[in-house]
Amino acid sequence: MTLLAAYQAYVESLDAIDGEAERLDAIINLGRRHHAQAFPDAWKTDANQMHGCMSKVWIVHQRQDGRHTFHGHSDSLIVNGLVAVMTESFSGLTRAELAALTLDHVRRFRLGALTAQRQVGMMAMLKHFQRLAKAPLSSA
């Protein structure tokens, strides 16, 4: 499986950041930039919300030509940055490619020091992407 360039770029850029404070700043800045992107209020529905998160997180899944795209948003800047990393890294993959991803792919971002809970949230997001990719197409 070949992961997309966005995934490799995030792994490399986050790996190049020395220090946890600097890494946190990078995620917050990413969250700010991602927050400025359009995520329509119409997408902020209970059906699109990932439940179980301390912060509100919405994930919208789209399928085209066998490829899966994810759009996400959070009400927290830090979590919004993590959502950006995840949605941009794993969009564009096929169902089989998504199914082949493991939690080690998330660990390669080296963001566990942001708190264990956020690391667990990123792993839950990967599992959520995989469930969405397996689900039948809905008419909504």
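Modeller: I start with the sheet and then move to the core and the aromatic rings.

This is a predicted model: local features need pLDDT of at least 70, side-chain atom pairs count only at pLDDT 80 or more, and totals for chains, interfaces and linings use all residues. Residues are numbered from 1 along each chain as its sequence is written, and side-chain values use heavy atoms, leaving out hydrogens and water.

The sheet is open, with three strands in the order 1-2-3 and antiparallel pairing. Strands (E, at least two residues) and helices (H or I, at least four) are DSSP runs, numbered from the N terminus. Two strands pair if DSSP finds at least two bridges between them. Strand 1 and strand 3 (93-94) stand at the edges with a single partner strand each, so one side of each has no neighbour in the sheet.

Take the pairings in turn. Eight bridges join strand 1 and strand 2. These two strands form a hairpin with two residues between them. Asp65, in the turn, has a positive phi of about 50 degrees. Gln64 stands opposite Arg67 in strand 2. Arg67 also stands opposite Thr94 in strand 3. Strand 2 (residues 67-74) and strand 3 are joined by two bridges. His68 has Leu93 as its bridge partner in strand 3.

Helix 3 lies across strand 1, strand 2 and strand 3. Helix 3 runs at about 175 degrees to strand 2. Axes are lines fitted to C-alpha atoms, for helices over the stretch in contact, and angles run from 0 to 180 degrees between N-to-C directions. Contact means heavy atoms within 4.5 Å.

Last, the rings. Tyr7, Phe90 and Phe109 form one aromatic cluster. Rings pair if their centres lie within 6.5 Å, and planes over 60 degrees apart count as edge-to-face. Tyr7 and Phe109 are edge-to-face, 5.3 Å centre to centre with 70 degrees between the planes. Tyr7 lies in helix 1 and Phe109 in the loop between helix 5 (103-107) and helix 6, so this pair ties together parts 102 residues apart in sequence.

Methods. Rings of Phe, Tyr and Trp (its six-membered ring) pair if their centres lie within 6.5 Å; planes under 30 degrees apart count as stacked, over 60 as edge-to-face and the rest as tilted.
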